[in-house]
Amino acid sequence: MNIAGEREINLVTWNESHFHQLYPLANNPKIAMNLRDSFPQPYTIHDARHWIEHNQKFNPPQNFAIEFEGKLAGAIGCDRGKDELRTNMELGFWIGEPFWGKGIASEAVKLYTKFIFEKFDIQRIYAQVYDFNGQSMNVLEKAGYIPEAILKKAFIKNGIIGDIFQYVIVRGESATP
């Protein structure tokens, strides 16, 4: 599956062509710092293989490679809430350092949000951002997400405790991109 955007930005189903691009791009402590600890660091060739194989079982897909000008630039995806929280999906994304500052993430989030609301019977998509990651907060706001909550002292990363900023977009309440 390919979701085409502007400026040669595409969301593409993970496939073998991403394999040798993924692990060198993802193996960056600056990326891992802004993601959950379950994101491997160092990110190895085996992690890349596992991720690509894991994502080939979803129909419709939930996680996509972000491509810019035909090259892997990052990743975007959602996890659906369980049980009574099944009307929620939690958004996550990252962009490789060589592609920072090009507006790729904002467009990818807009494309992905539209896709999720079209393909899944969910009511809201939210994203949680560590307090030191102002860039991701800007990405979400440019994509139409609004601040919903600040979870005080909600995370610990590298021994530092901080706040989580939660952003949300709700079906029918916001102008979905």
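User: Is P98 buried or exposed?
Analyst: P98 counts as exposed, because its relative accessibility is 56%. Exposed means over 50% relative accessible area, buried means under 20%, and partly exposed is in between, using a 1.4 Å probe and protein chains only. Keep in mind that this is a predicted model, where local features need pLDDT of at least 70, side-chain atom pairs count only at pLDDT 80 or more, and totals for chains, interfaces and linings use all residues. Residues are numbered from 1 along each chain as its sequence is written, and side-chain values use heavy atoms, leaving out hydrogens and water.

User: Thanks! Where does P98 lie?
Analyst: P98 lies in the loop between β5 (88–95) and α4 (104–119). Helices (H or I, at least four residues) and strands (E, at least two) are DSSP runs, numbered from the N terminus.

User: And how far is P98 from D83?
Analyst: Their C-alpha atoms are separated by 39 Å, with P98 and D83 15 residues apart along the chain. D83 is found in the loop between β4 (71–80) and β5. D83 counts as exposed too, at 58% relative accessibility, and has a positive phi of about 50 degrees although it is not a glycine.

User: OK, new topic. How many helices and strands are there?
Analyst: The chain has 5 helices and 8 strands. Starting at the N terminus, the order is β-β-α-α-α-β-β-β-α-β-α-β-β.

User: What about the inside: which residues have the most contacts in the largest nonpolar core?
Analyst: Those are I76 and L91, in a core of 51 residues. The largest share of this core, 9 residues, comes from α4. A nonpolar core here is a set of buried Ala, Val, Leu, Ile, Met, Phe, Trp, Tyr and Cys residues joined through side-chain atoms within 4.5 Å.

User: What does L91 touch?
Analyst: Not counting residues up to four places away in sequence, its partners include I76, V109, Y112 and L140. Contact means heavy atoms within 4.5 Å.

User: Why would such side chains sit together?
Analyst: In soluble globular proteins, nonpolar side chains tend to be buried together. In this chain, buried residues make up 46% of the 177 residues.

User: Last one: which peptide bonds are cis?
Analyst: The bond from Q41 to P42 is cis, with omega near 5 degrees, and a cis bond also joins N59 and P60, with omega about 0 degrees. P42 is in the loop between α2 (29–32) and α3 (45–55), while P60 lies in the loop between α3 and β3 (63–68).
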